[in-house]
Amino acid sequence: MSKQIKGTSFASKKEKNAAGSRTVVHLPNSDAQNDAVPSFGAVLRKYRNKNEMSQPELAEIMGISRNTITNWENDKCRPEVDSIRTLCSMLGIPLYELFGLSNDSMPSPHENVILSQYRQLSRVGQKVIDKTIHSMLEEEIDARDRYLEESYDLVPLESTPSAAGPGCDFVDLPPEYVFVKKTGYNESADALIRVSGASMEPAFYDGDLVCVRYTQDVTDGDIVICSTADGAVIKQLMNHRLYSLNRALPYGDKNEDDHVTVVGKVLGKVSDRDLANEEDIPVLEVVKAADVRAFKQKYGLL
């Protein structure tokens, strides 16, 4: 087998998503609702009690029957839009809370206090606050950009996966790039390759990304990426032979005709937390613009 397993470059191998009484919206039973989020009726009851108003008093003001209020609070039905508007205005109910929506875009009570104080300032005072906030935001954005630029590398992700099985056909396409945090073996990798199949479990699962260094310096026990007549594979090298880690899916013996060639050494698996998230990628595209351009020039993508 030693004659079949040779060293080469994987790169060179590849280069050739008014209130009315009518009630119109019917709700599911309460046991189908999320217990963590108060129901429409519970919120209505909360703010009615907060305003020290009884059901008959609210019904009289709204010009409707008490039973209608009861039905609303028991989540048997909901009022029409005009009535909802009246209830929110009269009882001070935040619309997002009434419908169990996220309030991320709504001011918190603390923020409302600050907004009220801001409005009491003179125009000169408001300009001072505006300038201070703008300056602080710029400092935080600059700090975030520096952190991302210093903490992440641009690494090629090969278009051809490596099979934890018979082999993946070589895909004659350039790699794409991904941003990976600089941690340990991530910094030493020449490229990332996606695992395909289950024969390297439990160390590597289908879909895992592995860091690969293109090298001919491999020894017994190393996990290697190989080019074979069947395609690209990921296996363990022992005594000049390739093995699967999953004993239920053994890798067969190879001969001269299989053209087995070691193209790189697997340094380790990429953790999901080491991949840049969707929010940071657009920023990294900017702060790593020179690296992105160099990558595209190298692979003829410009």
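## Getting started

A residue counts as buried when its relative accessible area is under 20%, as exposed when it is over 50%, and as partly exposed in between (1.4 Å probe, protein chains only). Helices (H or I, at least four residues) and strands (E, at least two) are DSSP runs, numbered from the N terminus.

The structure above is a predicted model: local features need pLDDT of at least 70, side-chain atom pairs count only at pLDDT 80 or more, and totals for chains, interfaces and linings use all residues. Residues are numbered from 1 along each chain as its sequence is written, and side-chain values use heavy atoms, with hydrogens and water left out.

## The chain as a whole

Let's begin with the big picture. There are ten helices and twelve strands in the chain. Of its 302 residues, 36% are buried. The accessible surface (Shrake-Rupley method, 1.4 Å probe; for residues, only the protein chains shown count as cover) is about 18,300 Å², and carbon and sulfur atoms account for 49% of that surface.

In soluble globular proteins, nonpolar side chains tend to be buried together. Here, a nonpolar core means a set of buried Ala, Val, Leu, Ile, Met, Phe, Trp, Tyr and Cys residues joined through side-chain atoms within 4.5 Å. The largest one has 18 residues, and Leu58, Trp72, Leu87, Leu91, Ile93 and Leu98 have the most contacts inside it. Helix 2 (40-50), helix 3 (55-62), helix 4 (66-73) and helix 5 (81-91) each give two or more residues to this core. A second, separate core has twelve residues, among them Ile193, Phe204, Val212 and Ile223.

Leaving aside residues up to four places away in sequence, Leu58 touches Arg48, Met53, Ile69, Leu87, Met90 and Leu91, where contact means heavy atoms within 4.5 Å.

Which residues of helix 5 are buried? They are Ser83, Ile84, Leu87, Cys88 and Leu91. Viewed down the axis of helix 5, its buried residues fall within an arc of 135 degrees, so they line one face of the helix; the arc is that of the directions from the helix axis to the C-beta atoms. On the other side of helix 5, Val81, Arg85 and Ser89 are exposed.

The buried residues of helix 5 pack against helix 2, helix 3, helix 4, strand 3 (78-79) and helix 6 (95-98). After helix 5 comes glycine 92, with a positive phi near 70 degrees.

## Salt bridges

Side chains of opposite charge can pair when their charged atoms come close. A salt bridge is a side-chain nitrogen of Lys or Arg within 4 Å of a carboxyl oxygen of Asp or Glu, and this rule gives a count of eight salt bridges. One of them joins lysine 46 and glutamate 97 (2.8 Å, N to O). This pair links distant parts of the chain, with lysine 46 in helix 2 and glutamate 97 in helix 6, 51 residues apart. Lysine 46 is partly exposed at 44% relative accessible area, whereas glutamate 97 is buried at 18%.

Another salt bridge joins glutamate 73 and arginine 48 (2.5 Å, N to O). Glutamate 73 lies in helix 4 and arginine 48 in helix 2, so the pair ties together parts that are 25 residues apart in sequence. Both glutamate 73 and arginine 48 are buried.

Arginine 85 is exposed, at 51% relative accessibility, while aspartate 82 is partly exposed, at 42%.
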